[in-house]
Amino acid sequence: MAYDDLRSFLRALDREGDLKRIKAEVDPYLEIGEIVDRVQKAKGPALLFENVKGSTMPLAMNVFGTERRLAKALGLKGPEEIGDKISGLLKPELPQGFTGFRDAFGKLASMAHVPPKHVKAGDAPVQEVVLTGEDVNLDELPALFTWPLDGGSFFNLGLTHTKDPDSGIRNLGLYRLQRHDRRTIGMHWQIHKDSRNHAAVAARRGEKLPVAIAFGCPPAVTYAATAPLPGDIDEYLFAGFVAGERVRMVDCKTVPLQVPADAEVVLEGWLEPGELLPEGPFGDHTGFYTPQEPFPALTIDCVTMRRRPILQSIVVGRPPTEDGPLGKFTERFFLPLLKIIIPDIVDYDLPEAGGFHNCVIVSIDKKYPKHAQKTMHAIWGAHMMSLTKLIIVVDSDCDVHDYQEVAWRAFGNVDYSRDLTVVEGPVDHLDHASYQQFWGGKAGIDATRKLPEEGYTRDGGWPEMVSSDPATAALVDRRWKEYGL
């Protein structure tokens, strides 16, 4: 089973020697970021800073910094188990197309043990302490000034809760939060995000938008907030499915929303239409600074927390970072669902170096001319995969996770006058390379074997790959110790 809350998981890591408690005073201005960046790039332990300058609140970092730790937090053996759970649930039907995609999620949602469970305020640890009005002081929470050119201090792992004013459907998202002053935070709601749409609907209706931001949530909830689910799919259903148990939820004190009862800290407020402040720059997960832009500014009216809360955050920047394990789990989770939309796909890989959306490597069992190009366009039409900038298509006998093998195919199997597809389309809000914001050029590389019907008519057809003689290879296997190697 997954862990019920953050602190129980930290205790488990502590017992195993996979948590380092740092008792020395550390500065959230640059120092903590430098420490965490070094530790997470070395695949080091989770960190608990117990003496953060300017705050009485401990700060947990690098909690999900390795695949092993994230798997343990979610009660899984590894990232593949998520995909296996989905595949096992969907068989034998495996419907195709977008309708099948939604039907698949609907089947997940119908499972009796996954819907969130409402609890009373008295049973919610996150509401042991309630601060309102002028008692709210965000300066007491350890926000991080991570990179030298950042525009301020940020909370990087606050789970933002909103709901569509028209439909009432809620959304749980993970967005960076800039601390503007003791009661105001900037909401970095990118153009493709659901919370931005909710704010736009509220503004059109002339209404304030209720917002709640939870920190230090149960691990399955934190993971669910990072998953790019369709807008009408409840992240708490997904969290319950991953964790294997219902998530405990409690009504907020001042806004009509629910938050995890076992979170550490919750911020509540109403977003006024048109309330914008300059946000950024920020050293983002792309490894580059994103520019300053106007984003919604939320006034916090209420803070609820445990009596001795622990704040959780992450450091993002040039890969690899803590984003890596989170992205890899989502990659494995979406494989069976992506196959519903695009049955051609055998396997795929989202390289961390590509920020998980700049590049997709996909293998297919090629059956007809231009099959690779058909797959490329299907990917560009599949939900948030539409933001992919580079698609590399290889044959099914290529291991898409072996970047050396993929590079060998891509470098050697391609005639770039024929096998390169260039299109234009939407790109991520944070993409700095596009010559204008929000859209730009994309490319697809067909690194599969080429068929005569595709114009490859050289004598003898596509050549065979070099490989060992099976009988000789077996002989060498048997005699290997004799060689003294």
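In strand S11, alanine 212 is the bridge partner of histidine 161, and this pairing belongs to a set of three bridges that join strand S7 (residues 159-163) to S11 in an antiparallel arrangement. The model described here is a predicted one. S11 also pairs with strand S14 (residues 265-271), again in the antiparallel sense, over seven bridges; within S14, glycine 269 is the bridge partner of valine 211.

Strand S11, which spans residues 209-215, is mostly covered, with seven of its seven residues buried. In a regular strand the side chains alternate between the two faces of the sheet.

Turning to the helices, H1 (residues 6-16) has as its buried residues Leu6, Arg7, Ser8, Phe9, Leu10, Ala12 and Leu13. The elements that cover these buried residues include strand S1 (19-22), strand S2 (46-49), strand S3 (59-61), helix H3 (67-74), helix H7 (219-226) and strand S19 (311-312). Just after H1, glycine 17 adopts a positive phi of about 75°. Helix H7, one of the elements covering H1, is itself largely enclosed by the rest of the structure, because seven of its eight residues are buried; these are Pro219, Ala220, Val221, Thr222, Tyr223, Ala224 and Ala225.

A further part of the model contains an open sheet of five strands with mixed pairing, in the order S20-S21-S22-S24-S23. Strand S20 (345-349) and strand S23 (420-426) are the edge strands, each of which pairs on one side only. Neighbouring strands of this sheet are turned against each other by 20° on average, direction ignored. S20 pairs with strand S21 (residues 359-364) in the antiparallel sense over four bridges, and aspartate 349 stands opposite isoleucine 361 in S21.

Helix H10 (residues 371-380) lies across S20, S21, strand S22 (390-395), S23 and strand S24 (439-446), and runs at about 150° to S24. Histidine 371 lies in this helix and, at 3% relative accessibility, counts as buried. The side chain of histidine 371 makes a polar contact of 2.6 Å with the side chain of aspartate 344. When residues up to four places away in sequence are not counted, histidine 371 touches Ile364, Asp365 and Lys366 as well as Asp344.

Arginine 409, located in helix H11 (residues 403-412), is likewise buried, with a relative accessible area of 4%. With its neighbours within four places in sequence left aside, arginine 409 is in contact with Val394, Asp395, Asp397, Cys398, Val414, Ala447 and Met465.

Methods. Residues are numbered from 1 along each chain as its sequence is written. This is a predicted model: local features need pLDDT of at least 70, side-chain atom pairs count only at pLDDT 80 or more; totals for chains, interfaces and linings use all residues. Side-chain values use heavy atoms; hydrogens and water are left out. Buried means under 20% relative accessible area, exposed over 50%, partly exposed in between (1.4 Å probe, protein chains only). Helices (H or I, at least four residues) and strands (E, at least two) are DSSP runs, numbered from the N terminus. Contact means heavy atoms within 4.5 Å. Two strands pair if DSSP finds at least two bridges between them. Axes are lines fitted to C-alpha atoms, for helices over the stretch in contact, and angles run from 0 to 180 degrees between N-to-C directions. A polar contact is a pair of N or O atoms within 3.5 Å; within protein, one must be able to donate a hydrogen and the other to accept it, and residues adjacent in sequence count only if both atoms are side-chain atoms.
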